[in-house]
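Please open the model in your viewer and keep the sequence panel beside it. The stops below are meant to be selected one after another.

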Amino acid sequence: MHNHARHKAGHGVKLGSLGKKARAEIVGLDETGIATPLQAGELERRLIEMGLVEGAVIEVLHEGFPRRDPMAVRVSDHTVALRRAEANAVIVQVIEE
Amino acid sequence: MTHHKPPPPPRIALVGNPNCGKTALFNAMTGARQKVANYAGVTVERKEGLFVSPAGTRVKVIDLPGTYSLRARSPDEEVTRDVVLGRMEDEEVPEAIVCVADATNLRLNLRLVLELKKLDRPIILALNMMDEAEKQGMTIDAAELSAALGIPVVPTVAIQTGGVQALLDQIDRTIQVAETEGFAPVHAQCGWSEPNAHDLRDYHREVERIIALSVTSPTRPHLATHRIDTVLLHPAAGLAILLTLLFLMFQAVFTWARLPMELIDGGLTLVKGLVDANMADGPLRSLLTDGVIAGVGSVVIFLPQILVLFLFIQILEDSGYMARAAFLLDRLMGGVGLHGRAFIPLLSSFACAVPGIMAARTIENRADRIATIMIAPLMTCSARLPVYTLIIAAFVPQRDVLGGWVGLPGLVMFALYAAGILSGLIVAFVLKRTILHGAREPLLMQLPAYRLPRPRNVALGLFERAKAFLTRAGTTIFALMVVIWFLASYPGAPEGATEPAIHYSIAGMIGHFLEPVLAPIGFNWQIAVALVPGMAAREVAVGVLGTIYALSDSGDSLRSSLGGLLAASWSLPTALSLLAWYVFAPQCIATLGVVRRELNSLVWPAVMFVFLTGLAYLAAFTTYRVAVAVLGG
Ligand SMILES: Nc1nc2c(ncn2[C@@H]2O[C@H](COP(=O)(O)OP(=O)(O)O)[C@@H](O)[C@H]2O)c(=O)[nH]1
Ligand SMILES: [Mg+2]
């Protein structure tokens, strides 16, 4: 479904480590080691409900202040704001143009 | 079905993601025939309306809080889940569900539709914002979508006349089908159970399949929104714009409301004059002029300011800017342990802490929510405006500063608001570091596309506000003012009294009794009297002062305005001390009540009352002492 001309660089990195304008495809969700007050498995479910799920192509649109946190990410045709801490549960492969 | 008694009107519930246009659709269907059980701002409370369908059936509609899933994450979303599942007490299961979806943004909405389908109830999908979808070059095959989902799908444009006709027609058809088949049993076992991550991925795949079948969309949507956000979400420019916006908002509360307030004031004086001229002197005339007109009137006069404030909040809400404000402030508010989403409840609290505290329902985590609720009353609510305005008008000279851009009274007002905000942040910091510590709830929110707020929707929202405020003034405040007038008038002065009669009244006695406690912070007995009913409704304090000074005015008719009277009888330190007191103003009963209800605890309202009273006393004491030392008593 995605453009074949682009190629994905290397293996998975965390969404929380991406900078502005980066484009990537989500390859997995892994909430281990993320500090939240939520029950186990809950962060993953919420991420899926916001469209952050394997196969979705995302683009980092905006960054907050200070420390470039939170981040606004376009997921297919909507935009989701999330903190970098939680974005680290999303494993992506960067798409190089 | 028997025809002895007309059956109750069928009820439909509007369910959908936040910002998909549920409220706009609700307004389009019901017009002004709606009943909001509580305050405006964000859709937190139960909103019910009535309309007559094209086939002539009376139908009830309920506007529910936005949600992404029936797996409610916050108390706010629990309302939606419980109504839809028929778990809500005193609330029948709706006969049909209208799932509202933003057509430009179908994925998350369709996932919810798939979940709702498990309920086995009549569902209609309203594809709202079709005008936007067309503008963006999207084509949606409604028939294909309907076939794939197995439910009727109708396109709507909630903001155009006739834009909901297709939906109304479909509601008729759905009701007819339901009627011939007999309405589903009210407490039927439904097929819904909380989905796990695996189910959610399945839903997601199904949505992708359906979208591939029925939607063709352009590659880069929301270009305008993206461009605007490049500025409004810019770390520096965005924050500067947010601050400017808030500052303008508070300036506008003053300048725009001035003229209508003068008109109301003029009207009241006119009525008072008429009463004085046409009625014999006596208790009834005193009740009318000193109790009702001076008391209730001095509260009603603030309607324009409250409306201006709500106008701003409503526009920010409808345009989609509120989510941006939460984004901009999340990290900064995180410094004191607050959630970015706390911004909306806190901003609403500037209008009134009650809807503000209720809006905190959108914060899922209990510790985060308590912290937000505890500081909500420190955001200066509009009921405190009357007090501020009165004292500032009486004691702060009208002078332009900063090259004529800002008036000195406006600046003082801004300082008072800032003091409230600052102390709120400090309190939150302390709370989150001590009794409420723990990680913050994840942010995870959608940034909706910008929409031009619609005058009609804004007007309907404001109309609800005005209605609520005037009802309150006409009932609670009116009753309180009559009581106060009575307490301030009886018993009358004894023979050969030297002081004005109020001195000897019950109110006078209460005031004199409290005076020793309040003397260290510079309050006289008149203020002491005003503080007690001020607990019931803060704005009443002004009304009480109005009544007390009207009754104790010993014929000096030159000083007709309350402000003038105060300027003549209070010292500047006393005025400043009262301002400082009101920054923290121990809670009005309504706020304490809503805290109890929202947190289902007696401890937290008690804690709130004690710490606010303590802070108020401390602030007033410090202000008074410093002012006396600097200015002289
Ligand atoms: N262009 C367009 N805007 C709409 C439509 N329906 C709602 N809106 C706007 O979308 C914004 C959010 O609508 P609202 O009813 O508050 O959404 P809610 O959060 O679901 O209640 C408002 O500014 C509405 O004026 C529509 O059909 N077309
Ligand atoms: Mg709404």
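**A tour by selection**

Begin by selecting Asp368(B), which sits in helix α15, spanning residues 366–375 of chain B; helices (H or I, at least four residues) and strands (E, at least two) are DSSP runs, numbered from the N terminus. This is a predicted model, in which local features need pLDDT of at least 70, side-chain atom pairs count only at pLDDT 80 or more, and totals for chains, interfaces and linings use all residues. Residues are numbered from 1 along each chain as its sequence is written, chains are lettered from A and ligands numbered from 1 in the order in which they are written, and side-chain values use heavy atoms, with hydrogens and water left out.

Asp368(B) counts as buried because its relative accessibility is 2%, where buried means under 20% relative accessible area, exposed over 50%, and partly exposed in between (1.4 Å probe, protein chains only). Now show the side chain of Lys432(B), which is joined to that of Asp368(B) by a polar contact of 2.8 Å. A polar contact is a pair of N or O atoms within 3.5 Å; within protein, one must be able to donate a hydrogen and the other to accept it, and residues adjacent in sequence count only if both atoms are side-chain atoms. Leaving aside residues up to four places away in sequence, Asp368(B) also touches others, including Gly337(B), His339(B), Ile363(B) and Arg440(B), a contact being heavy atoms within 4.5 Å.

Ile363(B) counts as buried because its relative accessibility is 0%. Beyond four places in sequence, its contacts include Ser74(B), Pro75(B), Arg341(B) and Thr372(B). Select His339(B) as well: Ile363(B) and His339(B) are 24 residues apart in sequence, and their C-alpha atoms are 7.8 Å apart in space.

**The nonpolar cores**

Select Leu338(B), Phe343(B), Leu347(B), Trp570(B), Trp581(B) and Tyr582(B), the residues with the most contacts inside the largest nonpolar core, which has 124 residues. Such a core is a set of buried Ala, Val, Leu, Ile, Met, Phe, Trp, Tyr and Cys residues joined through side-chain atoms within 4.5 Å. Helix α9 (residues 235–278) of chain B gives the most to this core, with 10 residues. A second, separate core of 69 residues includes Leu43(A), Val53(A), Val75(A) and Ile211(B).

Zoom in on Phe343(B), whose contacts beyond four places in sequence are Leu242(B), Met322(B), Ala325(B), Ala326(B), Leu329(B) and Met333(B).

**Around ligand 1**

Which residues come nearest to ligand 1? Of the 17 around it (each with a heavy atom within 4 Å), they are Lys22(B), Thr23(B), Ala24(B), Asp131(B) and Asp318(B). An N or O atom in the side chain of Thr23(B) is 2.7 Å from an oxygen atom of the ligand. Backbone N or O atoms also lie by ligand oxygens, at 2.9 Å for Asn19(B) and at 2.7 Å for Ala24(B).

Finish by colouring chain B by pLDDT, the predictor's confidence in each residue, from 0 to 100. The chain averages 84, and 90% of the residues score at least 70. Residues 38–44 of chain B stay under 50, and the model has 24 contacts for them beyond four places in sequence; residues 554–559 of chain B also stay under 50, with 4 such contacts. The model scores ipTM 0.91 and pTM 0.83.
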